[in-house]
Amino acid sequence: MDKKLVTNVGQLVTPGGNEPVSGPEMNELSVTENRTVLIQDGLITELGNKGDFTDIREEEIEIIDAGGRPVLPGFVDPHTHFVFSGYRAKEFQMRLQGKSYEEIAKEGGGIASSVTSTRQASFPQLKKESRERLRSMVRFGVTTVEGKTGYGLDKKTELKQLKVMKDLNTETPLDIATTFLGAHSIPPEYSDSREEYVNFVTEEMTPIAAKQGAEFCDVFCDRGAFTVEESRRILTDGKEFGLTPKIHADEIAGTGGAELAGDVGAISADHLLKSSNEGLNSMKKRGVVAVLLPITAFSLKDDYARGKYMIDTGLSVSLATDFNPGSCFSESIPLLFSLATLYMEMTLEETITALTLNAAAAIDRADKIGSIEPGKQADLVILDAPDYKHLSYHIGVNSVARVIKRGETIWKKNRPQF
Ligand code: NIG
Ligand code: FE
């Protein structure tokens with residue numbers, strides 16, 4: 001049996017349990033000092049205090065010295081679009097000059113432009129680019145990533161995106177949760193017949209995506225994208241094929257996406273910038289996790305989602321990067337910490353719960369990851385800071401020293417040569 005012991009943990013910081021945490025409980029992290037974590041075959045088996053487990057002979061165990069620093073669960077990024085080819089720096093420049101995201105999309109940019117370049121990319125090229133993006137995410141402490149299709153919108157390319165994620169799930173140490181987002185946009189070849197495209201998504205692509213191992217079905221339900229009724233059909237149909245519903249809701253306008261998330265019993269509803277109180281209530285009733293994406297709001301210069309209000313009303317709130325080539329070209333967890341705590345009035349403790357246990361719940365993995373407890377996967381982050389509070393205090397800077405996935409070190413901070 002492979003045994004490892006994380007010793008000298010200055011602060012062990014973790015939420016608890018196998019379920020999403022909601023309301024005021026999101027603030028109740030466990031913070032204990034001078035701890036040790038015993039890992040066997042990639043799983044956490046026991047937590048102890050300083051000096052525990054000394055009866056295990058040294059040659060039988062690998063010691064990971066945390067150096068008195070804080071240790072947290074590996075971060076989970078439960079909403080990304082990391083599988084794409086082609087960049088849209090020009091569009092970002094246009095936005096800096098005052099053009100809106102919607103205007104750019106109407107002029108043929110936006111998602112359509114990424115669809116063209118992702119269709120053109122070969123499978124090896126797309127996989128290589130996507131792998132590089134995962135490498136970048138790991139250094140911020142991310143150990144599990146959700147990824148979506150949606151830059152193909154035809155069978156061949158949607159499957160290419162799914163296959164990239166499937167391969168990277170086996171070939172890299174990270175866990176990748178896969179989401180089918182065939183309803184991201186209406187592709188140009190269907191521009192005159194949106195109903196036909198919805199039929200194509202539900203009747204032709206959904207069954208194939210399910211067969212190819214997609215776990216979730218997502219839809220961009222918004223002004224200029226899919227209507228509530230189209231989205232309802234797509235998600236209900238996805239369910240019939242075993243895909244768990246997720247939804248991009250109320251990002252650009254409050255069209256009723258949050259209400260729909262409650263109606264169909266989605267596992268998460270994401271964005272929620274313009275959601276109504278009724279919509280949020282409908283989510284709360286069905287236990288839908290609210291996945292907030294503040295870097296997108298920041299990048300679009302829009303108002304932030306009402307994180308504090310959602311927590312106060314008893315919702316389970318999670319956070320994610322929304323990493324994509326358009327609305328949010330950023331995989332930065334440090335920026336996420338800053339925006340959530342400084343601008344969404346979430347406490348640091350709520351932010352940590354949102355990025356660990358609740359993020360795991362948003363991708364149906366709260367029983368396996370998201371907290372440091374016996375029985376969970378040994379996915380850990382050792383900070384390069386004296387106190388976990390540096391995660392928000394050290395603004396926009398990476399506070400991670402070492403990242404551990406199933407007990408193995410997968411990233412370590414390099415020391416400068418001076
Ligand atoms: O979550 N809102 C829809 N989809 C992405 C943006 C995709 C893009 O701009 O390429 C989002 O923001
Ligand atoms: Fe998104």
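Student: What volume does the largest cavity have?
Tutor: This is a predicted model, and the largest cavity in it has a volume of about 90 Å³.

Student: How many cavities of 30 Å³ or more does the structure hold?
Tutor: There are three cavities of 30 Å³ or more.

Student: Back to the largest cavity: which residues lie nearest its centre?
Tutor: H81, Y101, H184, N324 and S327 lie nearest the centre, out of a lining of 13 residues.

Student: And how does that lining divide into nonpolar, polar and charged residues?
Tutor: The lining of the largest cavity comprises four nonpolar, six polar and three charged residues.

Student: Changing topic, how many disulfides does a search of the whole structure find?
Tutor: The search returns zero disulfides. For C217, the nearest cysteine sulfur belongs to C221 and is 12 Å away.

Student: Is C217 buried or exposed?
Tutor: C217 is buried, with a relative accessible area of 0%. C221 is likewise buried, and its relative accessible area is 0%.

Student: What about strand β7: how many of its residues are buried?
Tutor: Strand β7 spans residues 142–148, and seven of its seven residues are buried.

Student: Which strand do three bridges join to β7?
Tutor: That is strand β6, residues 75–77, which runs parallel to β7.

Student: How many bridges pair β7 with β8?
Tutor: Five bridges pair β7 with strand β8, residues 175–183, again in the parallel sense. One residue pair to inspect is K148, whose bridge partner in β8 is T179.

Note on methods
Residues numbered from 1 in each chain as written. Chains lettered and ligands numbered in written order. Predicted model: local features only at pLDDT ≥ 70, side-chain atom pairs only at ≥ 80, totals over all residues. Heavy atoms only, no water. 1 Å grid on protein atoms, 1.4 Å probe; cavity = no way out; pocket = protein on both sides within 12 Å on 5 of 7 lines; lining within 4 Å. Points joined across faces, edges and corners; volume = space filled by probe spheres on them. Nonpolar A, V, L, I, M, F, W, Y, C, P; charged D, E, K, R; others polar. Disulfide = S-S within 2.5 Å. Buried < 20%, exposed > 50% of the residue type's maximum accessible area, 1.4 Å probe, protein only. Helix = DSSP H or I, 4+ residues; strand = E, 2+ residues; numbered from the N terminus. Pairing = 2+ DSSP bridges.
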